[in-house]
Amino acid sequence: MRRTLALLVAGALLTGAAGCSQSADDRREAYCAQVKKDSTTLSKGVAEGGPGAFLDVLPTLQGLARKAPSDLKDEWQTLLNALTGLQDALDATGLEPSDIKDGTLPRDLSREDRKRVRDAASVLTTPEVVAATQGIEQHALDICKQPLI
């Protein structure tokens, strides 16, 4: 009996918490506020960051993705998957973005590692990732009235 009562109380609390979630408009407003807050950091990081610019600002991008409205979740996931894939490839090979000079990998990198990094980097230029990035930026311009980068 006590266990049933405890489950009912827990269920009521969880239902009540779910009922207090943000509306779509509130979520969009919070996201736009974050876009406005982070746009300077992102623009500066990308302008000054060199080859690893987007990896340098990856934590900021991840924070924005967490706040994104539902109609942008897929785009953010596509972009973040591509960026984290590149970061993982660099980590696995022991490279830093600055080790890549003008798109050229270090000569002493093994053939396997060279392929791993090139494959991961090539994902960033796929039509899906390009479209996702454009969608995110267009949303920032149209809805938030703020360029993201």
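Is Lys-145 buried or exposed? Lys-145 is exposed, with a relative accessible area of 63%. Here, exposed means over 50% relative accessible area, buried means under 20%, and partly exposed lies in between (1.4 Å probe, protein chains only). Accessible areas come from the Shrake-Rupley method with a 1.4 Å probe, and for residues only the protein chains shown count as cover.

The model is predicted: local features need pLDDT of at least 70, side-chain atom pairs count only at pLDDT 80 or more, and totals for chains, interfaces and linings use all residues. Residues are numbered from 1 along each chain as its sequence is written, and side-chain values use heavy atoms, with hydrogens and water left out.

The protein chain holds seven helices and zero strands. Its pattern along the sequence is α-α-α-α-α-α-α. Helices (H or I, at least four residues) and strands (E, at least two) are DSSP runs, numbered from the N terminus. The protein chain has 149 residues, and 31% of them count as buried.

Nonpolar packing comes next. In soluble globular proteins, nonpolar side chains tend to be buried together. A nonpolar core is a set of buried Ala, Val, Leu, Ile, Met, Phe, Trp, Tyr and Cys residues joined through side-chain atoms within 4.5 Å. The largest such core has 31 residues. Tyr-31, Trp-76 and Leu-148 have the most contacts inside it. Helices α2, α4, α5, α6 and α7 (127-142) each give two or more residues to this core. Helix α5 supplies the largest share, eight residues.

Charged side chains were examined next. Side chains of opposite charge can pair when their charged atoms come close. A salt bridge is a side-chain nitrogen of Lys or Arg within 4 Å of a carboxyl oxygen of Asp or Glu. The structure holds four salt bridges.

One of them joins Asp-71 and Arg-28, with the closest N and O atoms 3.3 Å apart. This pair links distant parts of the chain, 43 residues apart. Asp-71 lies in the loop between α4 (58-67) and α5, while Arg-28 lies in helix α2 (residues 24-48). Asp-71 is partly exposed, at 43% relative accessible area. Arg-28 also counts as partly exposed, at 24%.

Helix α6 (residues 111-123) contains both Glu-112 and Arg-116. These two form a salt bridge, and their closest N and O atoms are 3.7 Å apart. Glu-112 and Arg-116 are separated by about one helical turn, because they are four residues apart in the helix. Glu-112 is exposed, with a relative accessible area of 58%. Arg-116 is partly exposed, with 33%. A network of salt bridges links Glu-112, Asp-113 and Arg-116.

Asp-119 and Lys-115 form a salt bridge, with the closest N and O atoms 2.6 Å apart. Both residues lie in helix α6, four residues apart, so about one helical turn separates them. Asp-119 counts as partly exposed, at 38% relative accessibility.

The surface also carries a negative patch, formed by Asp-88, Asp-91, Glu-96 and Asp-99. Patches are made of residues with over 30% relative accessible area and no salt bridge; like charges are joined within 9 Å, and nonpolar side chains (Val, Leu, Ile, Met, Phe, Trp, Tyr) within 5 Å. Lys and Arg count as positive and Asp and Glu as negative, while His and the chain ends are not counted. The place of a charge is taken as NZ of Lys, CZ of Arg, CG of Asp or CD of Glu.

Gly-52 sits in the loop between α2 and α3 (53-56). Gly-52 is buried, with a relative accessible area of 3%.

Cys-32, in helix α2, is buried at 9% relative accessible area. Its C-alpha atom is 8.2 Å from that of Gln-146, 114 residues apart along the chain. Thr-133 is placed in helix α7 and is partly exposed, at 32%. Thr-133 and Thr-78 are 55 residues apart in sequence and 8.5 Å apart in space, C-alpha to C-alpha.

Finally, the backbone at Lys-145 stands out. Most residues other than glycine have a negative phi, and most peptide bonds are trans. Phi of Lys-145 is near 60°, a positive value in a residue other than glycine. Lys-145 lies in the segment after α7.
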